[in-house]
Amino acid sequence: MSDWPEPIEIVNEGGQSDLVLVCEHASNHIPAEYKGLGLGEKDLRRHIAWDIGAAAVTRVLAERLDAPAFLGTYSRLLIDLNRPLGVPSSMPERSESTDIPGNTGLTEAERQRRHDLIFTPFHARLAQHLAARENEGRKSRLVAMHSFTPVFFGIVRPWHAGVLYDSSRAFGESVIASLRRDGTLNVGHNVPYTISRADDYAVLVHGHDRGSPAILIEVRQDLIESNEGVAEWTSRLASALAENSQ
């Protein structure tokens, strides 16, 4: 049913790049039966429901780099594909300063339903793809694409973009150095967040735990809300990532 799409959108699965793109927060879709989790349309268009602009950037990068891309098709408010199961932010009762009524007092059966319908098949399909590449003797570098708000709890964030990494320091620093060749850009290391087991999933589980380099790229969402912004940033990111592919 269109109201319950497949939990993963796959773009260019046969791409020949060593880069594999992931966009967990690509969609703000919530099936009608959930009644927006008690939120209005205005809230569901905000960053709390998805990463604005990230899906568009990911799809264009997949084409530009000839890389496979895996995108989530449901709102992060139903279940966050980039959180370990069981942590409070997996199905948040509050996101930033907004209460999420439809996530209050969830039963174990409802939690399991979201795991089974959305989280588990998304990550199983991505893992299947990466395992197939390994069996073919192909190396992979995982790049998770996200966007962040210009202001968070009243604090202005000065960066245009950030590159987050844990053990993949060399990969992350190389991409940052490439982006910083444009002297007008403020690109930070591990900003506006850091990688941790409590707050991240794909980079660690599908990247580091498999022995593959993996980074997470954050672009400030107001820079990629328009088609012009998407084109500008995909060009920058494609050049930086291409320089660091194998």
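Ala56, Val57, Val60, Leu61, Arg64 and Leu65 of helix α2 are in contact (heavy atoms within 4.5 Å) with Val230, Thr234, Ser235, Leu237, Ala238, Leu241 and Ala242 of helix α6. The model is predicted: local features need pLDDT of at least 70 and side-chain atom pairs count only at pLDDT 80 or more, while totals for chains, interfaces and linings use all residues. Residues are numbered from 1 along each chain as its sequence is written, and side-chain values use heavy atoms, with hydrogens and water left out.

Helices (H or I, at least four residues) and strands (E, at least two) are DSSP runs, numbered from the N terminus. Helix α2 spans residues 54-65 and helix α6 residues 227-243; the two pack at an angle of about 45°, with their axes 9 Å apart. Axes here are lines fitted to C-alpha atoms, for helices over the stretch in contact, and angles run from 0 to 180 degrees between N-to-C directions. The angle makes α2 oblique to α6, a class left over once angles under 35 degrees (roughly parallel), over 145 (roughly antiparallel) and 65 to 115 (roughly perpendicular) are set aside. The α2 and α6 crossing is right-handed, that is, the near helix is turned clockwise from the far one by less than a right angle.

Rings of Phe, Tyr and Trp (its six-membered ring) pair if their centres lie within 6.5 Å; planes under 30 degrees apart are stacked, over 60 edge-to-face and the rest tilted. This rule gives four aromatic pairs, including the two in the table.

| Pair | Centre to centre | Angle between planes | Type |
|---|---|---|---|
| Trp4 and Tyr74 | 5.6 Å | 45° | tilted |
| Phe152 and Phe153 | 4.7 Å | 75° | edge-to-face |

Trp4, in the segment before β1 (8-11), and Tyr74, in the loop between β3 (69-72) and β4 (94-95), are 70 residues apart. Both Trp4 and Tyr74 are buried (under 20% relative accessible area; exposed is over 50%, partly exposed in between; 1.4 Å probe, protein chains only). Trp4, Tyr34 and Tyr74 form one aromatic cluster. Phe152 is partly exposed at 26%, whereas Phe153 is exposed at 58%.

A charge sits over a ring if NZ of Lys or CZ of Arg is within 6 Å of the ring centre and within 35 degrees of the ring normal. The charged end of Arg141 lies over the ring of Phe171, 4.9 Å from its centre. That of Arg236 lies over the ring of Trp233, 4.7 Å from its centre.

Ser17 is in the loop between β1 and β2 (19-23) and is buried at 10% relative accessibility. Leaving out residues up to four places away in sequence, Ser17 touches Leu65, Asp66, Ala67, Arg133 and Arg138.
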